[in-house]
Amino acid sequence: MKSLHFSGDRRKLLTGAGAIGVGSALVLALDACSTDSGGAAASETASAAPATDLKDLETAEEIWDALLEGNQRWAAGESVHPGTDVETRESLVEGQEPRAAVFTCIDSRVGPELVFDTGVGDLMVTRTAANTFDPLVSESVSYGPAALEAPLLVVLGHQKCGAVTAAHDALAAADAGEEVEEHEYALPEVVAALTPAYEAAKAESGDPIDAMIAANVLLTVQALKEHPNLAELVADGELTVVGAVYSLETGLVTEIEG
Ligand SMILES: [Zn+2]
């Protein structure tokens with residue numbers, strides 16, 4: 001079972017969970033010249049600075065900062081591909097201790113190890129269309145935090161998500177009284193799973209797909225915080241769940257909060 005892996009002074013990244021309305025979503029734009037722990041970020045030549053080794057990090061805050069540093073390298077075209085050597089691979093033969101779990105979409109443009117410039121053994125990744133989940137999937141998502149003590153879980157939506165777009169179009173057609181069969185490319189189970197996000201995003205202004213993508217991330221974050229395998233870890237401060245959206249255009253990951 002889990003142990004008290006972390007001291008009590010770990011700062012929670014997310015507080016005041018509860019409201020998940022998209023309207024209150026606070027977008028924390030990533031500053032390319034952030035003064036966060038990373039100093040090494042984009043204003044310098046990232047390729048000249050060694051990547052922070054996630055395996056050395058314990059707190060969710062440190063790990064998230066390191067992932068965002070890696071994302072800035074990726075966005076700048078300066079990935080260093082840490083932990084992809086034979087020595088690292090062999091060092092993990094006897095066991096793994098991924099420092100973060102990532103739950104994201106199957107989209108071929110959103111590979112987490114690339115987007116966060118991480119190596120083998122760093123991330124435990126679960127991917128489904130638009131990060132939709134059911135009991136079987138959520139068990140896999142929770143495995144890293146619950147069984148392997150990964151202190152960070154990232155729910156990562158992405159710009160121009162085809163699954164969200166298809167579900168939106170099918171649900172909007174149904175709202176308009178059109179034949180849903182016209183949108184048969186939308187997978188029925190995925191559409192059903194995304195219906196709460198569609199409903200939550202209805203009241204939002206701006207691009208409806210972007211709003212639905214954000215709503216889906218925030219609803220997923222909330223659901224995972226309440227999952228039976230994770231709720232106690234969250235309550236004890238041993239697991240931080242963050243929501244974020246990836247931009248295909250910029251390559252940057254932006255944290256969002258409800
Ligand atoms: Zn997608």
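This is a predicted model: local features need pLDDT of at least 70, side-chain atom pairs count only at pLDDT 80 or more; totals for chains, interfaces and linings use all residues.
Let's start with H5 and helix H6 (residues 188–201), whose axes come within 9 Å and cross at roughly 75°. The axes here are lines fitted to C-alpha atoms, for helices over the stretch in contact, with angles running from 0 to 180 degrees between N-to-C directions. Residues are numbered from 1 along each chain as its sequence is written, and side-chain values use heavy atoms, with hydrogens and water left out.

On the H5 side, the contact with H6 is made by Ala163, Val164, Ala167, His168, Ala170, Leu171, Ala172 and Asp175, and H6 brings Val190, Val191, Leu194, Thr195 and Tyr198. Contact means heavy atoms within 4.5 Å. Sorted by type, the residues of this contact are 10 nonpolar, two polar and one charged; Ala, Val, Leu, Ile, Met, Phe, Trp, Tyr, Cys and Pro count as nonpolar, Asp, Glu, Lys and Arg as charged, and the others, Gly among them, as polar.

H5 also packs on helix H7 (residues 208–225), at an angle of about 115° and with the axes 10 Å apart. That makes H5 roughly perpendicular to H7. The contact involves Val164, Thr165, Ala167 and His168 of H5, and Pro208, Ile209, Met212 and Ile213 of H7. These residues divide into six nonpolar, two polar and no charged.

Now for the metal. A zinc ion is coordinated by Cys105 (SG), His158 (NE2) and Cys161 (SG), at 2.0 to 2.3 Å. Donors are N, O and S atoms within 2.8 Å of the metal (3.2 Å for Na, K and Ca), and water is not among the atoms, so sites may look incomplete. Along the chain, the zinc donors follow the spacing C-x52-H-x2-C. Cys105 lies in strand S2 (residues 100–105) and Cys161 in the loop between strand S4 (152–158) and helix H5 (162–175), so the pair ties together parts that are 56 residues apart in sequence. Both Cys105 and Cys161 are buried, meaning under 20% relative accessible area, with exposed being over 50% and partly exposed in between (1.4 Å probe, protein chains only).

Two more residues are worth a stop. Ser142 sits in helix H4 (residues 135–148) and, at 2% relative accessibility, counts as buried. Leaving aside neighbours within four places in sequence, Ser142 is in contact with Ala147, His227, Asn229 and Leu230. Leu252 is in the loop between strand S5 (240–246) and strand S6 (253–257), and at 26% relative accessibility it counts as partly exposed. Leu252 and Asn71 are 181 residues apart in sequence, yet 6.3 Å apart in space, C-alpha to C-alpha. With neighbours within four places again set aside, the contacts of Leu252 are Asn71, Gln72, Ala75, Val245, Tyr246 and Ser247.

Finally, the whole chain. The protein has eight helices and six strands, where helices (H or I, at least four residues) and strands (E, at least two) are DSSP runs numbered from the N terminus. Buried residues make up 48% of the 258 residues.

Conventions: Angles under 35 degrees count as roughly parallel, over 145 as roughly antiparallel, 65 to 115 as roughly perpendicular and the rest as oblique.
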